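Here's a quick briefing to read with the model open beside you. Overall build comes before the local details.

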Amino acid sequence: MSVTLELPDLPPPFTTLAAPHRHSTVIEGSEFLAFAERADSVPEALAQLAALRARYPDATHHCWAYQIGPLYRFSDDGEPGGTAGAPILRAIGGQGIDHAMVVVIRYYGGTKLGTGGLVRAYGGAAAECLRTAPRVLVRGRVTLRVGVGFGHLSALYHLLGSVDAVRGEEEFTAAGVLLPVALYPEDAPAFAQALTDATSGGATVEVVEDGVER
């Protein structure tokens, strides 16, 4: 029995931060603390900023930028226009990172850096923080809702062990088990066919949604 799946269009893959990261540097007596973290929404990015403001309330400036797909925003937080937020945003793009919030905190050391110096300081601190941060490639997955009878559970679990699958919560029914399974799109058709073959056509497989691996 041949199985055909109509797979949805998934968002393109992107590279983001695998974990929060920090970098610090001192330039002409001013200390620059750069913080980078994954952010999948604007509220999440702004919450990270608020947490850093609360953690470093005595800092001279809290400059920042985020890039979340097509959404972006930046702030110079009192520094001369274009000398802090925009260089941070360019650093995010230059490092090939998406879904990220970067905050660069400055403690003024008494020596003015000038506009060019500020651009280099903020952009450089952000770029080095991102360059040394752990990264992860995020790829879209398609979610299948599979159903098998109790007699075919072992076949289902065996097949799940052979692919990179994210399992949802099992739902037990009188006939068997329903289970959402998130797979990479290139694996979904072969998995559905193998499950159908292993159960002699007794399994049900339907595409229910698409998503992004977290």
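This is a predicted model: local features need pLDDT of at least 70, side-chain atom pairs count only at pLDDT 80 or more; totals for chains, interfaces and linings use all residues.

Residues are numbered from 1 along each chain as its sequence is written, and side-chain values use heavy atoms, with hydrogens and water left out. The protein has five helices and twelve strands (DSSP runs numbered from the N terminus: H or I of at least four residues for helices, E of at least two for strands). With a radius of gyration of 24 Å, well over the 17 Å that the globule rule gives for 214 residues, the protein is more spread out than a compact globule (the radius is taken over C-alpha atoms, and the rule is 2.2 Å times the number of residues to the power 0.38).

**Overall build**

- Along the principal axes, the C-alpha atoms fill a box of roughly 75 × 25 × 25 Å.
- Buried residues account for 41% of the 214 residues (buried is under 20% relative accessible area, exposed is over 50%, and partly exposed is in between, with a 1.4 Å probe and protein chains only).
- Take the contacts between residues at least 6 apart in sequence: 72% of them join residues at least 24 apart (a contact means heavy atoms within 4.5 Å).
- The protein exposes about 10500 Å², and carbon and sulfur atoms supply 53% of that (areas come from the Shrake-Rupley method with a 1.4 Å probe; for residues, only the protein chains shown count as cover).
- There are 16 positive and 24 negative charges, and their mean positions are 11 Å apart (Lys and Arg count as positive, Asp and Glu as negative, while His and the chain ends are not counted; each charge is placed at NZ of Lys, CZ of Arg, CG of Asp or CD of Glu).

- In H4 (residues 153-160), the buried residues are Leu153, Ala155, Leu156, Leu159 and Leu160.
- Looking down the axis of H4, those buried residues fall within an arc of 165°, so they line one face of the helix (the arc is that of the directions from the helix axis to the C-beta atoms).
- Ser154 and His158 are exposed on the other side of H4.
- What do the buried residues of H4 pack against? Their partners are strands E8 (140-149), E9 (165-167) and E11 (176-183), plus helix H5 (188-198).
- H5 has its own buried set: Ala188, Phe191, Ala192, Leu195 and Thr196.
- As background, an α-helix has 3.6 residues a turn, so residues three or four places apart point the same way.

**Positive phi in loops**

- Most residues other than glycine have a negative phi.
- Glu28 is not a glycine, yet its phi is positive, at about 50°.
- Glu28 sits in the loop between strands E2 (21-27) and E3 (30-38), and is exposed at 53% relative accessible area.
- Just after H5, Ser200 takes a positive phi of about 55°.
- The loop that holds Ser200 runs between H5 and strand E12 (204-212), and Ser200 is exposed at 71% relative accessibility.

- Gln48, in helix H1 (residues 42-55), is buried at 11% relative accessibility. Beyond its neighbours within four places in sequence, Gln48 contacts Glu37, Arg38, Ala39 and Met101.
- Asp77 lies in the loop between strand E5 (71-75) and H2 and is partly exposed, at 25%. Not counting residues up to four places away in sequence, Asp77 touches Arg53, His61, His62 and Cys63.
- Gly93 belongs to helix H2 (residues 85-94) and is exposed, at 53%.
- Tyr107, in strand E6 (residues 100-107), is partly exposed at 21%. Leaving aside neighbours within four places in sequence, the contacts of Tyr107 include Gly29, Ser30, Tyr56 and Thr60.
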